[in-house]
Amino acid sequence: LLLIYGGCYLLALPIRSLQYYFTSKLGILWRQWLTDKFIGSYMGNRAYYDVNPNEDNTEVDNPDQRIAEDTRTFTMESLRISVQGFDSLLTFVLNIAVLWSITPMLTWSLFGYSGRL
């Protein structure tokens with residue numbers, strides 16, 4: 001039993017490491033694309049002059065830096081929520097599969113008990 005647990009651990013370790021790497025890589029690529037798109041829209045057609053046309057003082061401090069920071073926050077939080085949601089769903093399905101392999105009656109009992117709460 002300990003060898004099976006150790007084997008599963010050794011198998012899961014590189015998978016989690018690759019998940020972290022690819023999530024970070026996707027975040028960087030998505031952030032770069034989104035920042036380029038927003039800054040391109042901001043700089044296109046001299047839109048930066050029309051930030052707030054109703055006011056006399058339309059001074060905005062470092063709009064390119066603000067765009068970059070906002071896209072970083074958006075991409076990182078969106079990826080974090082997506083990965084955690086997928087991870088939670090996968091954990092639920094795998095735990096139900098293990099419980100079902102032990103005994104289907106226990107699985108139905110769990111669903112019945114959780115439905116009453």
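These legends describe close-up views of a predicted model.

**View 1. Confidence across the predicted protein.** The mean pLDDT of the protein is 84, and 85% of its residues reach 70 or more. Among the elements, α2 has the highest mean pLDDT, at 90, and α3 the lowest, at 86. Where pLDDT is low, the predicted coordinates should not be read in detail.

**View 2. The contact of helix α2 with helix α3.** Two packed helices are described by the angle between their axes and the distance between the axes. Helix α2 covers residues 63–102 and helix α3 residues 104–116. Their axes are 7 Å apart, at an angle of about 135 degrees. The two helices are therefore oblique to each other. From α2, Phe92, Ile96, Leu99 and Trp100 take part; they meet Pro104, Leu106, Thr107, Trp108, Leu110 and Phe111 of α3. Nine residues of this contact are nonpolar, one is polar and none is charged.

**View 3. The largest pocket.** This pocket holds about 260 Å³ of space. Its lining consists of Ala12, Ile15, Arg16, Gln19, Phe86, Asp87, Leu90, Thr91, Leu94 and Asn95. Helices α1 (2–43) and α2 each supply at least two of the lining residues, and α2 gives the most, with six. By type, the lining has five nonpolar, three polar and two charged residues.

**View 4. The second largest pocket.** The volume here is about 200 Å³. Arg16, Gln19, Tyr20, Thr23, Ser24, Met76, Leu79, Arg80 and Val83 form the lining. The largest share, five residues, comes from α1. Four lining residues are nonpolar, three are polar and two are charged.

Terms used. Residues numbered from 1 in each chain as written. Predicted model: local features only at pLDDT ≥ 70, side-chain atom pairs only at ≥ 80, totals over all residues. Heavy atoms only, no water. Axes fitted to C-alpha atoms, helices over the stretch in contact; angles between N-to-C directions. Helix = DSSP H or I, 4+ residues; strand = E, 2+ residues; numbered from the N terminus. Parallel < 35°, antiparallel > 145°, perpendicular 65-115°, else oblique. Contact = heavy atoms within 4.5 Å. Nonpolar A, V, L, I, M, F, W, Y, C, P; charged D, E, K, R; others polar. pLDDT = per-residue confidence, 0-100. 1 Å grid on protein atoms, 1.4 Å probe; cavity = no way out; pocket = protein on both sides within 12 Å on 5 of 7 lines; lining within 4 Å. Points joined across faces, edges and corners; volume = space filled by probe spheres on them.
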